[in-house]
Amino acid sequence: MKYAYYPGCSLHSTGIEYDMSSQLVAGKLGVELKEIPDWNCCGASAGHTTNHLLGLALPARNLAIAEKEGLDVMAPCASCYNRMKTSEVAVKSSEETKAKVAEVTEMEYEGKVGVKSALEVFVKEAGLDAIKSLAVKNLGGMKIAAYYGCLLVRPVGIGFDDPENPMTMDDMVTALGGEAVDWPFKTECCGASLPTAREMVGLKLVYDILTMAQSAGAEAIVTACPLCFMNLDMRQNDLNKKVDNANFQLPVFYFTELMAIAFGEKPAKTGVRKHFVDTSSVLAKYNLK
Amino acid sequence: MRRTGVFVCHCGSNIAGTVDVERVAKEAAKFPNVVFATDYKYMCSEPGQQVIKDAIKEHNLDRVVVASCSPRMHEPTFRRCLESAGMNPYLFEMANIREHCSWVHPDKEKGTIKSIDLVRKAAAKVVKDEPLQKSSIGITKRALVIGGGIAGIQVALDIADAGFPVTIVEKEPTIGGRMAQIDKTFPTLDCSACILTPKMVDASQHPNIEILSYSEVEKVEGYVGNFDITIRKKARSVDMSKCTGCGTCWEKCPTKVDSEFDMQLGKRKAIYTPFPQAVPNKPVIDRVNCTKFRTGKCGICQKVCPTGAVDYEQQDELITEKYGAIVVATGFNQFDHSVYGEYGYGKYPDVITGLHFERLINASGPTMGKIKRPSDHKIPETVVFIKCVGSRDEAKGKSYCSRTCCMYTAKHATLVHEKIPGSKSYIFYMDVRTPGKGYEEFYKRTAEEYEAQYIRGRVSKVYQKGDKLVVRGEDSLIGRPVEIEADMVVLANAMVAREDAGDLARTLGISYDKDNFFTEAHPKLRPVETHTAGVFLAGACQGPKDIPDSVAQAGAAASKAIGLLSKTQMESDAIVSNVDESRCSGCMICKGICPYKAIDAKLITERVGGKMAERQVAAVNKSLCQGCGACTVACRAGCLNLLGFTNEQILAEVEAVCL
């Protein structure tokens, strides 16, 4: 299996652990990742809210480059994935849009290749059996809340999993020997950029998710989106300072980190040491160090 | 040389708006055999028909073509018109230049040309028309009602009161249907059972009504006035003639099963009647769950039965009976809301449906009429109602409005207020629709006096938080998200067709719509008839309906059935199949094809080489033939012809249009 790899801005900066662990998992699963040459911003947040056509054209340029190489794209970031998928569907379903996009990008994108999220490639396509057979360590029943966020499985009819109760990450956790807790906030909003722009509005959303995960008995949260990860991981300290009685110490992982560790990689290599919330104690508890 | 008159209708602007009717008439006048052609604003009107009658006299017409609408509505009108002018009514053709032309083509020039062609076709056929004569058939003066809910019971009572025998076939062990499950009825809040059970008893005691409960229609043959219907009487495992309904068996039965009647909220026994007022009040054994049938052991019910009525060996029984009319009143089901992830895919026990709520509030229900939520039997203080679950939702449910939910939700909120002091109800709605006598007033009272809080908006998520259900939605009037911590959530699920409605429709040969509701013959003018003669509709099997509407429709369906049954003879159409005996080889392939058993072999005597000889040929019973034409295409020699649509007539049409 070979994919054009689209890291987007996050995986080279705030979400570098996602990049590190994705590369490791890809290596173990035999998925070859070739970074799209000269890729540009996917346009998330700013692009599509400014101009609809711009929102379609920015990801279409990246897809056009991948199409030249004949490769489907793997985009680990949920936002990149969502933007590219939107563009892919728009171009595939309308000749007029296709022509407009081609005019703006000055490149042909025919819709022959599409985009997949890392969760789709590493879990759905690789298959739970392959994951089980590659695992050399067991998560030992660690209670984990799988958190998908708002973009990964939406909109209805386009996503790769159920939009209200997705299960792909839960299945992965179970396959690796963890216990996926049943909780109702799998697809809640993490606040995206609100914790920066309107702090208390955004922080409340993060607070609600963390509280719900804890009350469901989770010892850790696993996610597949760099922005969700950042909000859930980095804001815990903020919340502990600003909210009475808040004392969160809930480790947050990328699903690829847990996969890589279970596949026998040293935790340090996967990026878990870079997190704001300490991950070592929960990993130690389950002999995953 | 025939003398044909052509009459082109404007149908107001329906046709004349997109077809140059005057030009059509002018062109028609040039067709062979046409001696007169004219146009008129409304051909079907009294003066319009007079135009035809006058022209028949003045121009000595012997053939008539009317170019107007579909023959479905007005062919009988014009045939009567010809008859009253002294002509045979079958020397007539209709060119459909409305549904087939003006309504579907916006281009006037092209529409006009097509209309001329359609008239040319009809004019070519009409000269080949021959005078035909109607025949008549006897009628079996007996009606079958499928479904024993309130609609079916009302139909049966009305027909029986008119003096005709009626059979109700009900697939459940008792009649009563959905109305029996309901606690109170809007807008008067009278007890559903109190007004239903007397009717059930009336039906069971009426000398003209026979109730076949725990039975289903298996096969329908025949035609209007003479249906042959095969009914499967499912094995009850109880001999109805011996059972007295004393109840000892179900008291002693050790096996408890979730009760379907109580929406799985309560229990019943394996030998059971669904509810205390069941009619007939005689039990059935649920063989799937009965210990005797599962393991061979037990047999308690047989031991305790004082009359020896329990019969484990009983088999399904098939009976075939003759009926003149059929009324379908099979009712509805509730929409399955497990497709709604936002309401928890049906996994939260305290998210219930309207029918569950009816059972919870019913004095003979599983909680003796106390509103207790299913999970922990706590009495809820805050109840959230969500309307339009599956209704008006093309993405996940049905496109239509279920009509009853606004009212029954208002009723539920009223009952919560009355039964639980200090409680609070919230109702999420899209629109409040209350078209019915006293309905709007009832809703107003719910909102104003009973303090139910109506919130205009959809619910985006229901989730469990501790022992509460958090309902998150939008109040679209103030444009803000709202969150309510509720103890129980009641969904107003859409009314949908029975899951086997399509099968029954195929058995009966009636049509059904995209949502599996049975289709009426005309949405306004023939609301209780189907396109199949002799089959009528009543109640929610035709579309969502409340009790008053179901009863009204039942009365209408009954009067149509009575109208049919009150005749002794029924005229059958003259458009029937005809055998050319000189060419028929008597192979009788047609006999097997005919769905109406209208073809049989007969012997004819003819002169062959100077001697008389006997030979077998096919013969059509003109009373039984329904003119479907199946035999005409099956005949290898082409010696069967459908009168009115003979090969010669059809070819004349083809030639007129294509050559």
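**Entry 1: the two domains**

I started with the spacing of the domains in this predicted model: the C-alpha centres of domain 1 and domain 2 of chain A lie 24 Å apart. Domain 1 covers 2–118 and domain 2 covers 128–285; such bounds come from an automatic or database domain assignment.

I noted the ground rules here too. Residues are numbered from 1 along each chain as its sequence is written, while chains are lettered from A and ligands numbered from 1 in the order in which they are written. Local features need pLDDT of at least 70 and side-chain atom pairs count only at pLDDT 80 or more, whereas totals for chains, interfaces and linings use all residues.

**Entry 2: where the domains touch**

How many residues of domain 1 of chain A are in contact with domain 2 of chain A? I found 24, and they meet 25 residues of domain 2 of chain A (contact: C-beta atoms, placed from the backbone, lie within 7 Å). On the domain 1 side, helix H1 (16–29) and helix H4 (78–93) of chain A each supply at least two residues. H1(A) gives the largest share of that side, 10 residues. Helices (H or I, at least four residues) and strands (E, at least two) are DSSP runs, numbered from the N terminus.

I sorted this side of domain 1 of chain A by class: 12 nonpolar, nine polar and three charged. Ala, Val, Leu, Ile, Met, Phe, Trp, Tyr, Cys and Pro count as nonpolar, Asp, Glu, Lys and Arg as charged, and the others, Gly among them, as polar.

**Entry 3: a crossing pair**

Next I looked up H10 (residues 199–215) and H11 (residues 226–242) of chain A, which pack at an angle of about 100° with axes 10 Å apart. Axes are lines fitted to C-alpha atoms, for helices over the stretch in contact, and angles run from 0 to 180 degrees between N-to-C directions. That makes H10(A) roughly perpendicular to H11(A) (65 to 115 degrees). Among the residues making the contact are A:Leu203 and A:Tyr207 of H10(A), and A:Arg235 and A:Leu239 of H11(A).

**Entry 4: an enclosed helix**

Is H12 (residues 255–262) of chain A buried or exposed? Eight of its eight residues are buried, so H12(A) is largely enclosed by the rest of the structure (buried: 20 or more other C-beta atoms, placed from the backbone, lie within 10 Å of the residue's own). The cover includes H1, helix H8 (168–175) and strand S7 (220–223) of chain A. After H12(A) comes A:Gly264, with a positive phi near 105°.

Note on methods. Two residues are in contact if their C-beta atoms, placed from the backbone, lie within 7 Å. Angles under 35 degrees count as roughly parallel, over 145 as roughly antiparallel, 65 to 115 as roughly perpendicular and the rest as oblique. A residue is buried if 20 or more other C-beta atoms lie within 10 Å of its own, exposed if 12 or fewer, and partly exposed in between; C-beta atoms are placed from the backbone.
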